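Q: Hi! Could you walk me through this model? I'll jump around a bit as questions come up.

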Amino acid sequence: MKALVVGAGPAGLATALRLRRGGADVVLVERQSMERLFADAGGAYELSTRSLEVLESLGAAELVRARATVLTHFVLRGPKDAPLQSLDLERAGLPVVSITRAELQRSLWAVLEPLGVTLITGAQVSGVVQDDDGVSLMVNEGVQRADVLVAADGVHSVIRRACFSTEPAREVGLAAWWGRTRIDTAFRLEQGHSFGVMVPQCSFVTTRAVSGDELLWTVCELAEPSRKQPRLDGLPADVRRVVEGAHFTARTRLLEQVPLARWVDRRVCLVGDAAHGMTPFLGLGANSALEDAVLTADTLLAHGPGSPELTVLLDRRARQLNPRIAEARRLGRLMHAKPWLHALFRLVTRLVPASVVLWQLKARHQRLVSP
Ligand SMILES: Cc1cc2nc3c(=O)[nH]c(=O)nc-3n(C[C@H](O)[C@H](O)[C@H](O)COP(=O)(O)OP(=O)(O)OC[C@H]3O[C@@H](n4cnc5c(N)ncnc54)[C@H](O)[C@@H]3O)c2cc1C
């Protein structure tokens, strides 16, 4: 089988790796240059136990573990340092790891490259056509032909637009800032600990980088297109110092896909954010993208493109993941609500026992596991 995979983010690299390991010829098509693709661009992903199992099955877990921080504790505070939640992830058997996007991609590429895959970087995709015998992708004024095309080209997927729906991803009115700050800012945080603050209309979360000498942080707040810096209203002084002392920041508007009932159309299928891009508040995006990748690739290898088995798999995934898009949006709205609603949300957050939150976290990731 010859496969085209469009997009070399977490979903595309994992799909290409699984297909290549299964004996498929793989052409991976990426819009960015090689340098940009693997460049350090900000914050960290939190990967679940299930993702570590997926990475293990891809032969990339060891590299990921070496480049990631194991998170043992998470503490959440409200305005004026009021404690809201304290989670002992280690005791609960929830070994979440925190890894930068660049390191996750570098780890997957380090395993994939020696297997012999064609990577086209700086690619301009201008069209896709499928017929009974295969699928053709117009890229860089040439045509790539394959038996199947897996679209892993993220929330602005051109393949989704060409084959599934022209409806663009929608804004949810929030923006995220990623940053990195050297640790000499007098902000105390032990290795393996993650710390968050939630105040009306603004949230902050940070961990120490695996090297130990930097804080990786994310600020989410109401989107204001003209802003060049995060607003930070209501955040404690030490947190503001961390953000203001950053040597790197990047901003992204938070988007979500309009749910699609079908993620497969004959020889073309969608994985990751191209299928179910959602806001980051459930921490599911990259985790579910990795799982989409292996389940989709395994089904393609076992049953071929256009098989009923692939339709059954992806229809089931759509039923599991589509409701999470709205759930993540609702949680994001509550976390960034106006003062009175935010106060109510904080009260509820404080009253929910840590054991219930940990159980929910476990269940959320287990729900993704295929039966
Ligand atoms: C602030 C923030 C924090 C997050 N934190 C977490 C977290 O803790 N845990 C978690 O699980 N998820 C998290 N996410 C979500 C996560 O970033 C995404 O869900 C994940 O990156 C999706 O992976 P993907 O490979 O599907 O898409 P992407 O990561 O978007 O990758 C798509 C790739 O396709 C390429 N591409 C795009 N268009 C084309 C084209 N036309 N041709 C060729 N290539 C193309 C892009 O350059 C890119 O390399 C977070 C997101 C944000 C914004």
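Q: Where does Leu232 sit?
A: Leu232 is in the loop between strand 16 (214–222) and helix 7 (237–244). Keep in mind as we go that this is a predicted model.

Q: And what is phi like at Leu232?
A: Phi of Leu232 is near 70°, which is a positive value in a residue other than glycine.

Q: Is Leu232 buried, exposed or partly exposed?
A: Leu232 counts as partly exposed, because it has 17 C-beta neighbours inside 10 Å. The cut-off for buried is 20 or more, and for exposed 12 or fewer.

Q: What about phi at Glu141?
A: Glu141 has a positive phi too, about 65°, although it is not a glycine. Glu141 is placed in the loop between strand 10 (135–139) and strand 11 (142–146).

Q: Buried or exposed, that one?
A: Glu141 is exposed, because it has 7 other C-beta atoms within 10 Å.

Q: OK, changing topic. How is the protein split into domains?
A: The domain assignment gives domain 1 as 2–70 + 98–170 + 256–366 and domain 2 as 171–255. The C-alpha centres of domain 1 and domain 2 lie 25 Å apart.

Q: How many residues does each domain put into the contact?
A: Domain 1 gives 26 residues and domain 2 gives 28 residues.

Q: On the domain 1 side, which elements give two or more residues?
A: Those are strand 4 (69–71), strand 7 (96–100), helix 10 (308–335) and helix 11 (339–351). By class, the side of domain 1 that touches domain 2 has 10 nonpolar, 10 polar and six charged residues.

Q: Now the ligand, please. Which residues come nearest?
A: Of the 32 residues around the ligand, Gly7, Gly9, Gly154, Gly272 and Gly285 come nearest. Helix 1 (10–21), strand 3 (44–47) and helix 9 (285–303) are the elements giving two or more residues to the shell.

Q: Which helix gives the most?
A: Helix 9 does, with four residues in the shell around the ligand.

Q: And which domains does the shell draw on?
A: The shell takes at least three residues from each of domain 1 and domain 2. Sorted by class, the shell has 15 nonpolar, 12 polar and five charged residues.

Q: Back to helix 10. Where does helix 10 bend?
A: Helix 10 bends by about 30° at Arg319, and a proline, Pro323, follows within four residues.

Q: Which residues of helix 10 are buried?
A: The buried set includes Leu310, Leu313, Leu314, Leu321, Ile325 and Met335. Arg317, Arg324 and Arg329 are also among the buried residues of helix 10.

Q: What about the loop between helix 9 and helix 10? Where does Pro305 stand, buried or exposed?
A: Pro305 lies in that loop, and it counts as buried because it has 22 C-beta neighbours inside 10 Å. Not counting residues up to four places away in sequence, Pro305 touches Asp147, Val148, Arg267 and Leu300. Pro305 and Val264 are 41 residues apart in sequence and 9.8 Å apart in space, C-alpha to C-alpha.

Q: How about Ser307?
A: Ser307 lies in the loop between helix 9 and helix 10. Ser307 is partly exposed, with 14 other C-beta atoms within 10 Å.

Q: Last one: what do the buried residues of helix 5 pack against?
A: They pack against helix 1, helix 2 (34–37), strand 3, helix 3 (49–58), helix 4 (61–67) and strand 7. Among the buried residues of helix 5 are Leu104, Leu108, Trp109 and Val111.

Technical notes:
Residues are numbered from 1 along each chain as its sequence is written. This is a predicted model: local features need pLDDT of at least 70, side-chain atom pairs count only at pLDDT 80 or more; totals for chains, interfaces and linings use all residues. Domain bounds come from an automatic or database domain assignment. Two residues are in contact if their C-beta atoms, placed from the backbone, lie within 7 Å. Ala, Val, Leu, Ile, Met, Phe, Trp, Tyr, Cys and Pro count as nonpolar, Asp, Glu, Lys and Arg as charged, and the others, Gly among them, as polar. A residue is near a molecule or strand if its C-beta atom, placed from the backbone, lies within 6 Å of it. The bend at a residue is the angle between axes fitted to the seven residues ending there and the seven starting there.
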